[in-house]
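Please examine the structure before working through each solution.

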Amino acid sequence: MKIETLRWFNGRLEMIDQRVLPAAFEYLSYYTAASVAEGIRSMVVRGAPAIGVAAAYGVALEAIRLARHGGISDSGGLDVRLRENDGRADFNTGMEEGFRVLAASRPTAVNLFWALQRMRRVWESVAAQSPETIAERLLAEAHEIHAEDIRINQAMGAFGAELLPDGARVLTHCNAGALATAGWGTALGVFRSAVAAGKKISVIADETRPFLQGARLTAWEMVQENIPVTLITDNMAGYMMAHGAVDAVVVGTDRVAANGDVANKIGTYMVAVLARRHNIPFYVACPLSTIDLNIASGKDIPIEERSVDEVKGFRDTHWAAEGVQIRNPSFDVTPAELVTGLITERGVVLSPDAAKLRALFSQAGSC
Ligand code: MRU
């Protein structure tokens, strides 16, 4: 089954509602930057690369909305007519507001800001053109970011697959799959590529409290794909490693600092420490768009603190004692020294550090 996390359909963005998976599989429709920002904030769409792609479409949708007079044609093409006089100032103000709400949606995944910057550069390059032309150009760029993300995941998958021995039992945390990207996935993309290359791989999925991305999303994706998957609660990872049941760990990431420190879903740091203790390789699948050379080390990565309701219980069921204080940091930082290798679309960077990451960016290559 091909999982289309985001798709452009009849002039609107559709995104799988990941809050209700796996109990229900349904798409929600988006027409404005503000609604896409809300979809990101409320986790309809989540996972660093998918957030970036959604934001790019959010910018394009806003340009279409602002430029439009006649509406969007049924065929999905832009049927836009321009306001003839002083609409330009309104257009620019509206676009700035669109960028602002999208940038404020979630703080940790750098792909969001990477995609917004890329869309802004495109806007600036055609700013003198009509709003209609700007909207068309921005939509084309969003489509390109979407397609490029799948190509990059497949390139990473091929490099990552070589690291996994046939028969490997691989632990992962959170969901870094097709659902977290435009398709294929980063960490789960490595598993898909290994299986496509003929290797027998089995996956151990951490449940990933409190939002349960492992139990709900990674487990669902692997079951759809017929890749053997075993679900454990987060506190079972040490037991599994101590009993020789884990050959490697592969996770995704939301932001890698210039020195190779890795921010990822809360609990990843714990897994990395355990992996080092048990001599198990710890790999991070990481497109270049997730590496932030502007941030020197992991201590400067902004960590999102989400609603305490997520820790109190799940959905409408609350089990925590009333009156207890609750914390809900959504990500943690794994120091570079615990990372065996970063799997990128340009190859694997073993024991990442600042010099190796700088060299990676100066290396030619595109996907
Ligand atoms: O809060 P989420 O679900 O957006 O967190 C997602 C993760 O932490 C993923 O591991 C990360 O974004 C990499 S996705 C390819």
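Predicted model: local features only at pLDDT ≥ 70, side-chain atom pairs only at ≥ 80, totals over all residues.

**Exercise 1.** Determine which residues line the second largest pocket and which elements give two or more of them.

*Solution.* Step 1: the lining of the second largest pocket consists of Val110, Phe113, Trp114, Gln117, Arg121, Leu288, Ser289, Ile291, Asp292, Leu293, Asn294 and Phe361. Step 2: two or more of these residues come from each of α4 (110-125) and β11 (291-292). Step 3: α4 provides the largest share, five residues.

**Exercise 2.** Describe the second largest pocket by volume and by the classes of its lining residues, and explain why it lies between domain 1 and domain 2.

*Solution.* Step 1: the space in the second largest pocket amounts to about 240 Å³. Step 2: sorted by class, its lining comprises seven nonpolar, three polar and two charged residues. Step 3: both domain 1 (6-152) and domain 2 (157-364) contribute to this lining, and the pocket therefore lies between them.

**Exercise 3.** Characterise the largest pocket: state its volume, the residues closest to its centre, and the origin and classes of its lining.

*Solution.* Step 1: the volume of the largest pocket is about 350 Å³. Step 2: its lining has 14 residues, of which Arg19, Ser42, Phe211, Glu310 and Arg315 are the closest to the centre. Step 3: at least two lining residues are supplied by each of α10 (309-312) and β12 (313-314). Step 4: domain 1 (6-152) and domain 2 (157-364) each provide at least three residues of the lining. Step 5: by class, the lining of the largest pocket holds seven charged, four nonpolar and three polar residues.

Definitions and conventions. Residues numbered from 1 in each chain as written. Heavy atoms only, no water. 1 Å grid on protein atoms, 1.4 Å probe; cavity = no way out; pocket = protein on both sides within 12 Å on 5 of 7 lines; lining within 4 Å. Points joined across faces, edges and corners; volume = space filled by probe spheres on them. Helix = DSSP H or I, 4+ residues; strand = E, 2+ residues; numbered from the N terminus. Nonpolar A, V, L, I, M, F, W, Y, C, P; charged D, E, K, R; others polar. Domains from an automatic or database assignment.
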